[in-house]
Amino acid sequence: MKLVFATNNKNKLEEVKAMLTNFEIVSLADINCFEDIPETAATFEGNAKLKANYITKKYGLNCFADDTGLEVEALNNEPGVLSARYSGEHHNSEANMQKLLHNLKNISNRKAQFRTAVALNINNKQFIFEGICKGEILDEKTGENGFGYDPIFKPIGYKKSFAQMELSEKGIISHRGKAIKKLVDFLKNKTW
């Protein structure tokens, strides 16, 4: 089955393709969609729906979209839906991490969670899947893999950051991995 993953983020695409091996996953670029789809909702689920609905309406294709963010307990769940733009509209991961670490300076509560919402539009129906990975924010960047906030996020029960993990290991325990697993299980158990 062919599905559009409504993203231009090559890292996300690679991560999801590794999890959805029984499906042909194509990106926005593959369908010649180069518009910047607005993410103006107040929730991850709302933004995922906006993106999926945009693709379905404009291109008439089965697709799924995600919205993901980091919620830090001591910062009233910031950066939340603004995770990619935490330090400004330029989507700079390094600047986002530095701002977050600065805002957590002298704060002992480092509890945080990544949250992903996935909206699947298929055969004129919409389904929502969510994944959460709890952990904590490290004092400094650790590791070279991953993207976004991965170098400063350590999941509960692990001694290393997401950026120190192989893609396959991260995929099993990550927020996106959990949401995509729900999506995969759903697709496998449906007869289309």
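Analyst: Let us begin with burial, where a residue is called buried under 20% relative accessible area, exposed over 50%, and partly exposed in between (1.4 Å probe, protein chains only). F162, at 1% relative accessibility, therefore counts as buried, and F153 is buried too, with a relative accessible area of 0%. Please keep in mind that this is a predicted model, in which local features need pLDDT of at least 70 and side-chain atom pairs count only at pLDDT 80 or more, while totals for chains, interfaces and linings use all residues. Residues are numbered from 1 along each chain as its sequence is written, and side-chain values use heavy atoms, with hydrogens and water left out.

User: How many aromatic pairs does the structure hold, and how should I read one?

Analyst: Rings of Phe, Tyr and Trp (its six-membered ring) pair if their centres lie within 6.5 Å, and planes under 30 degrees apart count as stacked, over 60 as edge-to-face and the rest as tilted. The structure holds six such aromatic pairs. In one of them, the ring centres of F127 and F186 are 4.4 Å apart and the planes meet at 45°, so this pair is tilted. It links distant parts of the chain, since F127 belongs to strand β6 (residues 125-137) and F186 to helix α5, 59 residues apart; helices (H or I, at least four residues) and strands (E, at least two) are DSSP runs, numbered from the N terminus. F127 counts as partly exposed at 21% relative accessibility, whereas F186, at 18%, counts as buried. The rings of F153 and F162 also make a tilted pair, because their planes are at 45°, with centres 5.1 Å apart.

User: How do I read a salt bridge, and how many does the structure hold?

Analyst: Side chains of opposite charge can pair when their charged atoms come close. The criterion is a side-chain nitrogen of Lys or Arg within 4 Å of a carboxyl oxygen of Asp or Glu, and the structure holds 14 salt bridges. One joins E45 to K49, with the closest N and O atoms 3.2 Å apart; these residues are four apart in helix α2 (residues 44-59), which means that about one helical turn separates them. Both ends are partly exposed, E45 at 36% relative accessibility and K49 at 28%.

User: Which parts of the chain does the salt bridge between D66 and R176 tie together?

Analyst: In this bridge the closest N and O atoms are 3.2 Å apart. D66 lies in strand β3 (residues 63-72) and R176 in helix α5 (residues 175-188), so the pair ties together parts that are 110 residues apart in sequence. Both D66 and R176 are buried, and K12 is linked with them in a network of salt bridges. Another bridge brings together the side chains of E71 and R115 (3.2 Å, N to O); E71 is in strand β3 and R115 in strand β5 (residues 111-122), 44 residues apart, which again links distant parts of the chain.

User: Where does the charged end of K99 sit?

Analyst: A charge sits over a ring if NZ of Lys or CZ of Arg is within 6 Å of the ring centre and within 35 degrees of the ring normal. The charged end of K99 sits over the ring of Y86, 4.5 Å from its centre.
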